[in-house]
Amino acid sequence: MAEEEEKLLDFCEKRKENIEKKRRNFERILFNNTIGAYSVVDEHGMIYPVQLVDISRDGCLFQIPWNGNAINKFENDKEFTMRMYFTRDSYVPVVVTIRHGTEVLDTDRQRYMQYGCEFDKSMSSFEAMESFIEFLYKFAEHSAIDKGDSKVFFL
(Lines give C-alpha, C1' and ligand atoms only; values in the text may rest on other atoms or scores of the structure.)
Protein backbone atom coordinates (compact mmCIF):
# COMPACT_ATOMS: atom_id res chain seq x y z
CA MET A 1 0.00 0.00 0.00
CA ALA A 2 2.80 2.45 0.86
CA GLU A 3 4.41 1.79 -2.52
CA GLU A 4 1.14 2.65 -4.31
CA GLU A 5 0.90 5.92 -2.36
CA GLU A 6 4.46 6.82 -3.37
CA LYS A 7 3.57 6.27 -7.03
CA LEU A 8 0.51 8.47 -6.64
CA LEU A 9 2.56 11.21 -5.02
CA ASP A 10 5.15 10.94 -7.78
CA PHE A 11 2.39 11.28 -10.39
CA CYS A 12 1.00 14.38 -8.67
CA GLU A 13 4.45 15.92 -8.35
CA LYS A 14 5.18 15.24 -12.03
CA ARG A 15 1.88 16.89 -12.98
CA LYS A 16 2.82 19.97 -10.94
CA GLU A 17 6.22 20.11 -12.66
CA ASN A 18 4.57 19.89 -16.09
CA ILE A 19 2.12 22.66 -15.23
CA GLU A 20 4.95 24.88 -13.98
CA LYS A 21 6.98 24.25 -17.15
CA LYS A 22 3.92 25.03 -19.27
CA ARG A 23 3.28 28.25 -17.30
CA ARG A 24 6.85 29.47 -17.79
CA ASN A 25 6.75 28.66 -21.50
CA PHE A 26 3.43 30.49 -21.88
CA GLU A 27 4.84 33.51 -20.02
CA ARG A 28 7.81 33.72 -22.40
CA ILE A 29 5.50 33.65 -25.42
CA LEU A 30 3.09 36.12 -23.85
CA PHE A 31 5.77 38.58 -22.75
CA ASN A 32 7.68 38.42 -26.04
CA ASN A 33 5.00 38.09 -28.70
CA THR A 34 1.33 38.12 -27.91
CA ILE A 35 0.21 41.18 -25.97
CA GLY A 36 3.49 43.02 -25.78
CA ALA A 37 3.57 42.98 -22.00
CA TYR A 38 6.76 44.62 -20.91
CA SER A 39 8.05 46.52 -17.95
CA VAL A 40 10.15 49.51 -17.09
CA VAL A 41 11.92 50.48 -13.92
CA ASP A 42 10.92 53.96 -12.76
CA GLU A 43 13.71 55.30 -10.59
CA HIS A 44 14.44 58.92 -9.70
CA GLY A 45 12.36 60.17 -12.63
CA MET A 46 14.28 58.04 -15.11
CA ILE A 47 12.63 55.12 -16.88
CA TYR A 48 14.67 52.09 -17.92
CA PRO A 49 13.15 49.32 -20.09
CA VAL A 50 13.55 45.79 -18.79
CA GLN A 51 12.61 42.38 -20.14
CA LEU A 52 10.23 40.43 -17.93
CA VAL A 53 11.40 36.79 -17.73
CA ASP A 54 9.13 35.20 -15.12
CA ILE A 55 6.31 36.18 -12.83
CA SER A 56 4.78 34.39 -9.86
CA ARG A 57 2.34 35.11 -7.07
CA ASP A 58 5.15 36.50 -4.92
CA GLY A 59 7.42 38.29 -7.37
CA CYS A 60 9.03 38.51 -10.76
CA LEU A 61 12.31 38.03 -12.56
CA PHE A 62 13.49 40.61 -15.07
CA GLN A 63 16.65 41.08 -17.06
CA ILE A 64 18.63 43.97 -18.51
CA PRO A 65 21.34 43.64 -21.18
CA TRP A 66 24.64 43.73 -19.33
CA ASN A 67 27.10 46.39 -20.39
CA GLY A 68 28.74 47.39 -17.13
CA ASN A 69 26.71 50.60 -16.71
CA ALA A 70 25.64 51.68 -13.26
CA ILE A 71 21.96 51.59 -14.31
CA ASN A 72 22.25 47.83 -14.68
CA LYS A 73 23.29 47.39 -11.07
CA PHE A 74 20.62 47.20 -8.39
CA GLU A 75 21.47 46.34 -4.81
CA ASN A 76 19.58 43.71 -2.81
CA ASP A 77 16.68 45.15 -0.77
CA LYS A 78 16.37 48.13 -3.14
CA GLU A 79 12.71 49.10 -3.57
CA PHE A 80 11.34 50.80 -6.67
CA THR A 81 8.29 51.04 -8.90
CA MET A 82 7.89 48.89 -11.99
CA ARG A 83 5.44 49.77 -14.71
CA MET A 84 3.80 46.65 -16.13
CA TYR A 85 2.60 47.70 -19.59
CA PHE A 86 -0.19 45.78 -21.31
CA THR A 87 -0.77 48.29 -24.09
CA ARG A 88 1.51 50.90 -25.56
CA ASP A 89 0.18 53.62 -23.29
CA SER A 90 -1.30 51.98 -20.21
CA TYR A 91 0.37 50.18 -17.34
CA VAL A 92 -0.17 48.84 -13.85
CA PRO A 93 2.34 50.23 -11.32
CA VAL A 94 3.75 47.74 -8.83
CA VAL A 95 6.34 48.24 -6.13
CA VAL A 96 9.04 45.59 -5.98
CA THR A 97 12.06 44.89 -3.80
CA ILE A 98 15.22 43.36 -5.29
CA ARG A 99 16.01 40.07 -3.56
CA HIS A 100 18.90 38.83 -5.74
CA GLY A 101 20.84 39.63 -8.90
CA THR A 102 22.72 37.25 -11.17
CA GLU A 103 24.73 37.70 -14.35
CA VAL A 104 23.53 35.19 -16.99
CA LEU A 105 24.22 34.20 -20.58
CA ASP A 106 20.82 33.86 -22.30
CA THR A 107 19.87 31.62 -25.23
CA ASP A 108 20.63 34.49 -27.63
CA ARG A 109 24.27 34.37 -26.36
CA GLN A 110 23.79 37.87 -24.92
CA ARG A 111 24.92 38.60 -21.37
CA TYR A 112 22.22 39.92 -19.00
CA MET A 113 21.80 40.89 -15.39
CA GLN A 114 18.74 39.12 -14.00
CA TYR A 115 17.01 40.40 -10.89
CA GLY A 116 14.57 38.50 -8.72
CA CYS A 117 12.04 40.80 -7.06
CA GLU A 118 9.35 40.49 -4.44
CA PHE A 119 6.02 42.31 -4.93
CA ASP A 120 4.63 44.76 -2.38
CA LYS A 121 1.18 43.23 -2.15
CA SER A 122 -0.17 46.04 0.04
CA MET A 123 -0.50 48.44 -2.93
CA SER A 124 -4.04 48.71 -4.31
CA SER A 125 -2.74 48.40 -7.89
CA PHE A 126 -1.37 44.95 -7.08
CA GLU A 127 -4.94 43.63 -7.20
CA ALA A 128 -4.87 43.91 -11.02
CA MET A 129 -1.49 42.14 -11.21
CA GLU A 130 -2.72 39.44 -8.86
CA SER A 131 -5.64 38.68 -11.20
CA PHE A 132 -3.31 38.58 -14.20
CA ILE A 133 -0.88 36.25 -12.41
CA GLU A 134 -3.72 33.98 -11.32
CA PHE A 135 -4.85 33.80 -14.97
CA LEU A 136 -1.35 32.63 -15.96
CA TYR A 137 -1.47 29.83 -13.38
CA LYS A 138 -4.99 28.74 -14.40
CA PHE A 139 -4.13 28.90 -18.10
CA ALA A 140 -1.13 26.64 -17.56
CA GLU A 141 -3.22 24.17 -15.58
CA HIS A 142 -6.24 23.96 -17.91
CA SER A 143 -5.02 24.78 -21.41
CA ALA A 144 -4.29 22.17 -24.07
CA ILE A 145 -1.92 22.20 -27.03
CA ASP A 146 -3.65 22.19 -30.42
CA LYS A 147 -1.85 19.54 -32.43
CA GLY A 148 -4.29 19.73 -35.31
CA ASP A 149 -5.48 16.18 -34.78
CA SER A 150 -9.06 16.99 -33.83
CA LYS A 151 -11.28 20.00 -33.38
CA VAL A 152 -14.12 20.67 -31.01
CA PHE A 153 -16.98 22.72 -32.39
CA PHE A 154 -19.43 24.45 -30.12
CA LEU A 155 -23.03 25.04 -31.23
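## Helix 2

The expected span of a helix is 1.5 Å times one less than its number of residues. Helices (H or I, at least four residues) and strands (E, at least two) are DSSP runs, numbered from the N terminus. This is a predicted model: local features need pLDDT of at least 70, side-chain atom pairs need 80 or more, and totals for chains, interfaces and linings use all residues. Residues are numbered from 1 along each chain as its sequence is written, and side-chain values use heavy atoms, without hydrogens or water.

Helix 2 covers residues 126-142. Its 17 residues should span 24 Å, and the end C-alpha atoms are 24 Å apart, which agrees. Buried (under 20% relative accessible area, 1.4 Å probe, protein chains only; exposed is over 50%, partly exposed in between) residues of helix 2 are Phe 126, Met 129, Phe 132, Ile 133, Leu 136, Tyr 137 and Ala 140. They cover an arc of only 140° around the axis, by directions from the axis to the C-beta atoms, which puts them on the same side of helix 2. Glu 127 and His 142 are exposed on the other side.

## Salt bridges

A salt bridge puts a side-chain nitrogen of Lys or Arg within 4 Å of a carboxyl oxygen of Asp or Glu. The count is five. One of them joins Glu 134 and Arg 57, with the closest N and O atoms 3.1 Å apart. Glu 134 lies in helix 2 and Arg 57 in the loop between strand 2 (46-55) and strand 3 (59-65), so the pair ties together parts 77 residues apart in sequence.
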